[in-house]
Amino acid sequence: MTAQRIYDTVADDFSRVNDLIIKRLSSDVPMVEKIAHYIIESGGKRLRPLLVLLSSRAAGYRQDEHLKLAAVIEFLHTATLLHDDVVDTSDMRRGRSTANARWGNAPSVLVGDFLYARAFEMMVELQNLRIMDVLSHATAVIAEGEVMQLMNVKNPDLDESQYMEVIHNKTAMLFEASSHTGALLAGANKTQETALKNYGKHLGLAFQLVDDVLDYRGDAEAMGKNVGDDLAEGKTTLPLIYAMEKGVEEERQLIRQAIRKGGLDDLPAILGIVESSGALEYTMARAREQAALAADCLDALPDSPYRESLNLLTELAVARVS
């Protein structure tokens, strides 16, 4: 639908970013290149690099350093995926085996470290201290988000405000850093810089909340992972938080027990409770709220095809649920 229109807006830039990513993956260690290429080429949408391209162009940038910044963002994101899959003991991502499932945990962690290092090399090349400040801070916050999520595995007492903090740190932070650094590279004024920073934050939250819904209502083949994976890993996401809040005592205790033990033994019953409680509708309403907040931020930008594409992204974020 609108996805291709968005990518078409920066088609040449996007192609050049992909070329740069492949070029900067080079390493004298064959396994580093093999694993890095495997995960980079695994079919991701490159949403965060896309945000860099659109945000910088929407703020009036007309040079080429945004290509390098977009590649930096993709390397940071890919490094976190490699580490996440090890932490979560995941064996499938985007419909195929994870790197750790194919090569083991140690090589996956070390190649993730290589990608972080390569990202920071390229970041230095940009010679922009404010961008370095934003990205180094974002990297630390994302790591904290991962630890927060790990601490809350099999914890049924996580509430909505705590959960929103976790997904802001773990997921939305890199969206926020992508659009924020795009604005900084363009030399945007303070109003536009703040608007693009907040746009990325709200968009990232919307995407994650929709992902939470898709974990209970999605198509496994389309998602590249199985329905109920979050529950299997003992993750307390917003649909479960809401279902426990609204369900009767028996339903609440069943969900708490399922979170504590992980696995999928109770998945059919949990799916029924999540559906009947209105938890998925509530989570989608929160996602639409975040998408609307993101769209409102764009009022600070001048009209352009790039601004229009950023607006279409907010619609796309919530249009993934049929």
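Q: Buried means under 20% relative accessible area, exposed over 50%, partly exposed in between, with a 1.4 Å probe and protein chains only. By that rule, is Tyr 7 buried or exposed?
A: Tyr 7 counts as buried, because its relative accessibility is 18%.

Q: What am I looking at, and what are the ground rules?
A: This is a predicted model: local features need pLDDT of at least 70, side-chain atom pairs count only at pLDDT 80 or more, and totals for chains, interfaces and linings use all residues. Numbering starts from 1 along each chain as its sequence is written, and side-chain values use heavy atoms, leaving out hydrogens and water.

Q: How many aromatic pairs are there?
A: Rings of Phe, Tyr and Trp (its six-membered ring) pair if their centres lie within 6.5 Å; planes under 30 degrees apart are stacked, over 60 edge-to-face, the rest tilted. That rule gives 4 aromatic pairs. One of them joins Tyr 7 and Phe 14, edge-to-face, 5.1 Å centre to centre with 75° between the planes.

Q: And Phe 14, buried or exposed?
A: Phe 14 is buried, because its relative accessibility is 14%.

Q: Which ring does Trp 103 pair with?
A: Tyr 38. The Tyr 38 and Trp 103 pair is edge-to-face, 5.1 Å between centres and 80° between planes.

Q: Why care where those two sit in sequence?
A: Tyr 38 lies in helix 3 (residues 30–40) and Trp 103 in helix 6 (residues 99–103), so the pair ties together parts 65 residues apart in sequence. Helices here are DSSP runs (H or I, at least four residues), numbered from the N terminus.

Q: What charged end sits over the ring of Tyr 38?
A: That of Arg 96, 3.8 Å from the ring centre. The cut-off: NZ of Lys or CZ of Arg within 6 Å of the ring centre and within 35 degrees of the ring normal. Tyr 38 itself is buried, at a relative accessible area of 10%.

Q: New topic. Which residues of helix 15 are buried?
A: Leu 267, Ile 270, Ile 273 and Val 274, in a helix that spans residues 267–276. They cover an arc of only 125° around the axis, so they are on the same side of helix 15. The arc is that of the directions from the helix axis to the C-beta atoms.

Q: What's on the other side of helix 15?
A: Pro 268 and Ser 276 are exposed there.

Q: What do the buried residues of helix 15 pack against?
A: Helix 10 (190–217), helix 12 (229–232), helix 13 (238–246), helix 14 (249–261) and helix 16 (279–297). Contact means heavy atoms within 4.5 Å.

Q: Zoom in on helix 13. What's the packing angle with helix 15?
A: About 75°, with the axes 9 Å apart. That makes helix 13 roughly perpendicular to helix 15. Axes are lines fitted to C-alpha atoms, for helices over the stretch in contact, and angles run from 0 to 180 degrees between N-to-C directions. Under 35 degrees is roughly parallel, over 145 roughly antiparallel, 65 to 115 roughly perpendicular, and the rest oblique.

Q: Which residues meet there?
A: Pro 239, Leu 240 and Ala 243 of helix 13 meet Ile 270, Ile 273 and Val 274 of helix 15.

Q: What follows helix 15?
A: Gly 278, with a positive phi near 80°.

Q: Where is Gln 127?
A: In the loop between helix 7 (105–125) and helix 8 (129–151). Gln 127 has a positive phi of about 50°, although it is not a glycine. Gln 127 is exposed, at 74% relative accessibility.

Q: And where is Lys 154?
A: In the loop between helix 8 and helix 9 (160–186). Lys 154, not a glycine, has a positive phi of about 65°. Lys 154 is partly exposed, with a relative accessible area of 40%.

Q: How do helix 8 and helix 9 pack, at what angle?
A: At about 170°, axes 8 Å apart. Helix 8 and helix 9 are therefore roughly antiparallel.

Q: What does Asn 169 touch?
A: Val 141, Ile 142, Gly 145 and Met 148, not counting residues up to four places away in sequence. Asn 169 sits in helix 9. Asn 169 is buried, at 9% relative accessible area.

Q: Last one: Pro 49, buried or exposed?
A: Buried, at 1% relative accessibility. Pro 49 is in helix 4 (residues 47–58). Leaving aside neighbours within four places in sequence, Pro 49 is in contact with Ala 70, Ile 73 and Glu 74.
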